[in-house]
Amino acid sequence: MPHYTGPLLTRPLALALHAARQAGAAHWSGSMDLGRTQGEVPLHAQTWQYRDLAYPYPPELKDRTLYYWDGEDYAPISRYAGSLIKLVPTDWGVPTFEIDGIKMLPTSKASPLDDARRKVALIEPRNKAVLDTCGGLGYFAACCLDAGAARIQSFEKNESVLWLRTLNPWSPDPDAPASGGRLQLTHGDVSQAIAHLDDASFDALLHDPPRFGIAGELYSQVFYDHLARVLRRGGRLFHYTGSPNKLTSGRDVPREVAKRLEKAGFKAELALDGVLASKR
């Protein structure tokens with residue numbers, strides 16, 4: 001799907017536009033794409049201008065919500081399709097997303113893109129073919145592109161998440177010249193698709209699954225055996241786990257994952273908020 005190129009608004013940004021107009025300013029300076037670029041926005045009595053198009057001043061907007069221009073009005077970037085999926089602004093500019101109110105990416109200590117960059121660095125993607133199992137907003141893929149990966153094959157099961165990507169300026173566009181044809185994004189369930197991938201067809205793997213209670217199949221021994229099969233000998237894997245249920249149940253998901261990866265033929269160790277492994 002083509003990526004959106006119009007303005008993205010938050011409540012503070014909308015208030016700033018109104019304040020600038022009321023102060024009689026001819027322009028407002030800032031970002032209309034979540035900090036990706038900066039510029040001047042011409043202000044008029046009834047409209048303001050962005051990329052040569054005129055927009056009405058927004059009404060009062062809600063907190064913790066991103067809005068886009070849908071051609072008729074400012075619409076929240078959220079969608080309900082069995083669960084409520086929403087793109088959410090952060091203090092870092094780079095957004096996260098929520099599913100039924102549960103934040104999908106860590107944002108308390110760093111930008112979700114910076115967090116992804118640290119994890120991607122562990123697999124050293126330069127000149128490598130990388131499998132990105134659960135693409136999400138595409139931050140792993142973006143970091144791989146920036147780091148000089150030769151090829152990234154990314155899967156995303158949720159159609160609504162793919163829609164969020166088209167509205168998020170920080171999500172990489174596979175068709176953009178900057179991607180150089182190196183990113184292949186597939187709408188599909190990697191737990192099924194992986195059986196059709198060739199043996200030793202990747203040099204590195206990134207696995208950022210939803211929590212175990214939602215997608216237990218992506219933590220199964222069968223799936224880890226497939227990860228080992230498609231990775232060449234010596235290739236690296238980073239598996240995000242977080243530490244779910246550790247305080248309430250005493251369960252240590254990272255160590256459980258490490259044990260299963262060892263059984264599949266990896267040498268595994270805890271790293272950051274997950275497991276780093278290499279194929280024996």
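Reader: In which sense do strand 13 and strand 14 pair, and over how many bridges?

Author: This is a predicted model, in which local features need pLDDT of at least 70 and side-chain atom pairs count only at pLDDT 80 or more, while totals for chains, interfaces and linings use all residues. Residues are numbered from 1 along each chain as its sequence is written, and side-chain values use heavy atoms, with hydrogens and water left out. Strands (E, at least two residues) and helices (H or I, at least four) are DSSP runs numbered from the N terminus, and two strands pair if DSSP finds at least two bridges between them. Strand 13, residues 151–156, pairs with strand 14 in the parallel sense, over five bridges.

Reader: Which strands stand at the edges of the seven-stranded open sheet, and why is one side of each left without a neighbour?

Author: The order in this open sheet is 14-13-12-15-16-18-17, and the pairing is mixed. Each edge strand has a single partner strand, so one side of it is left without a neighbour in the sheet; these edges are strand 14 (183–187) and strand 17 (266–271).

Reader: What angle does the direction of helix 6 make with that of strand 16?

Author: Helix 6 (residues 221–230) packs on the sheet and touches strands including strand 12 and strand 15, where contact means heavy atoms within 4.5 Å. Axes are lines fitted to C-alpha atoms, for helices over the stretch in contact, and angles run from 0 to 180 degrees between N-to-C directions. For helix 6 and strand 16 (231–240), the angle is about 135 degrees.

Reader: How are helix 2 and helix 3 oriented to each other: parallel, antiparallel, perpendicular or oblique?

Author: Helix 2 (residues 112–121) and helix 3 (residues 139–146) pack at about 60 degrees, with their axes 9 Å apart. Angles under 35 degrees count as roughly parallel, over 145 as roughly antiparallel, 65 to 115 as roughly perpendicular and the rest as oblique. The two helices are therefore oblique.

Reader: Is helix 4 largely enclosed or left open, and why?

Author: Buried means under 20% relative accessible area, exposed over 50% and partly exposed in between, with a 1.4 Å probe and protein chains only. Among the buried residues of helix 4 are Trp163 and Arg165. Because eight of the nine residues of helix 4 (residues 159–167) are buried, the helix is largely enclosed.
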